[in-house]
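Hi everyone, thanks for coming along. Let me put today's structure up on the screen, and then I'll walk you through it.

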Amino acid sequence: MAPDALLLDHWDLAAEASLRGPVLDLACGDGHNGLFAAEKGCSVILADLSESALKNAGRAAEGKKWDVALWHVDLEKRDDNPLRLEVYGVILVFRYLHRPLMPCIKKALAAGGMLFYETFTVEQSRFGKPKNPDHLLNPGELLDWFKGWKVIHYFEGIKDHPKKAIAQIVCRKPEMKSAHADFM
C-alpha cells in the first residue's frame, strides 16, 4: 500500500526531522507509512496493538536492509504513558484518535521534531465509519492540541475519492528555550 498523501506531500520535512530521532508510526496498522520512511533510510518503530498487523508489516520489511522495529503496545492503557519522552524525530498518526494519548505524543516528540496527524472529524458519520464520537475530532480540536507549535500544513474538511471528513496537521515541536533566554 502506498503511503498517505499527507506524508508524501511533506516528506522532505519528515526526512530532515528523522535526523533528530526515530520515526514512530503510532497505531500503524499495516505499517505502510512507517515502511515508506524505512525505505527512504529512516530508523522506524512500528507501534500497534494488533500482533497480526505487526507481523504483516514485519514480513513486508523482511529481506530489506531497513531499520525497522516492531512494538506491540496498548496505547490506551489508563494512567500510563507508553511513549518515551523527547525521543522521536517524527511521529506519524493516521486514522487513529485516543484523546488521553495527545499529551503523551506532545512530550514524546524531540524538540524540533515533526508531527504528521490525520484522522476523521465528527462530519465523517455522514459518510460511514467511524461513527463513535470518541474516535472523531471536534471542529478545530486537532489545531487546538498543538497551539504554540509551528504549523506547516492544516486542513479540516471534506476530501473526495473516497468522500471522507478529516483533519490534518503537519507541525514542528518548538525548539527548547535556553536557560539564558529566560533572563533576557
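Let me begin with a question: which residue just after H3 takes a positive phi? It is Gly41, with a phi of about 100 degrees. Before going further, a word on the ground rules: this is a predicted model, where local features need pLDDT of at least 70 and side-chain atom pairs count only at pLDDT 80 or more, while totals for chains, interfaces and linings use all residues. Residues are numbered from 1 along each chain as its sequence is written, and side-chain values use heavy atoms, with hydrogens and water left out.

So, how confident is the predictor? On pLDDT, the predictor's confidence in each residue from 0 to 100, the protein has a mean of 92, and 96% of its residues reach 70 or more. Helices (H or I, at least four residues) and strands (E, at least two) are DSSP runs numbered from the N terminus. Please be careful with residues 178-184, where the pLDDT is below 50. Beyond near neighbours in sequence, that stretch has 1 contact in the model, a contact being heavy atoms within 4.5 Å.

Back to helix H3, residues 32-39. How many of its 8 residues are buried? The count is 7, where buried means under 20% relative accessible area, exposed over 50%, and partly exposed in between, with a 1.4 Å probe and protein chains only. They are His32, Asn33, Gly34, Leu35, Phe36, Ala37 and Ala38. Take Asn33, with a relative accessible area of 2%. Leaving aside neighbours within four places in sequence, Asn33 is in contact with Pro3, Asp4, Leu7, Asp25, Leu92 and Phe94.

The structure holds 2 aromatic pairs. Here rings of Phe, Tyr and Trp (its six-membered ring) pair if their centres lie within 6.5 Å; planes under 30 degrees apart count as stacked, over 60 as edge-to-face and the rest as tilted. Trp11 and Phe36 make an edge-to-face pair, 5.1 Å centre to centre with 75 degrees between the planes. This pair links distant parts of the chain, since Trp11 is in helix H2 (residues 11-17) and Phe36 in H3, 25 residues apart. Both Trp11 and Phe36 are buried. In the other pair, Phe146 and Trp149, the centres are 5.0 Å apart and the planes at 65 degrees, so this one is edge-to-face. Phe146 counts as buried because its relative accessibility is 1%, and Trp149 is buried at 11%.

The charged end of Lys106 sits over the ring of Phe146, 5.9 Å from its centre; the test is NZ of Lys or CZ of Arg within 6 Å of the ring centre and within 35 degrees of the ring normal. Likewise, the charged end of Lys159 sits over the ring of Phe155, 4.5 Å from its centre.

Now for the nonpolar cores. In soluble globular proteins, nonpolar side chains tend to be buried together. A core here is a set of buried Ala, Val, Leu, Ile, Met, Phe, Trp, Tyr and Cys residues joined through side-chain atoms within 4.5 Å. In the largest one, of 29 residues, those touching the most other members are Leu26, Leu83, Tyr88, Ile91, Ile105, Leu115 and Tyr117. Several elements each supply at least two residues, including E1, strand E4 (88-94) and strand E5 (109-120). Which element gives the most to this core? That is H5, with 4 residues. Not counting residues up to four places away in sequence, Leu83 touches Leu24, Leu26, Trp71, Leu75, Tyr88, Leu101, Cys104, Ile105 and Ala108. There is also a second, separate core of 24 residues, which includes Val23, Cys28, Met114 and Phe116.

Finally, the cysteines. How many disulfides does the structure hold? The number is 0, taking a disulfide as a pair of cysteine sulfur atoms within 2.5 Å. For Cys42, the nearest cysteine sulfur is that of Cys28, 15 Å away. For Cys171, the nearest is that of Cys104, 16 Å away. Cys42 counts as buried at 7% relative accessibility, and Cys171 is buried at 0%. That's my tour, so over to you for discussion!
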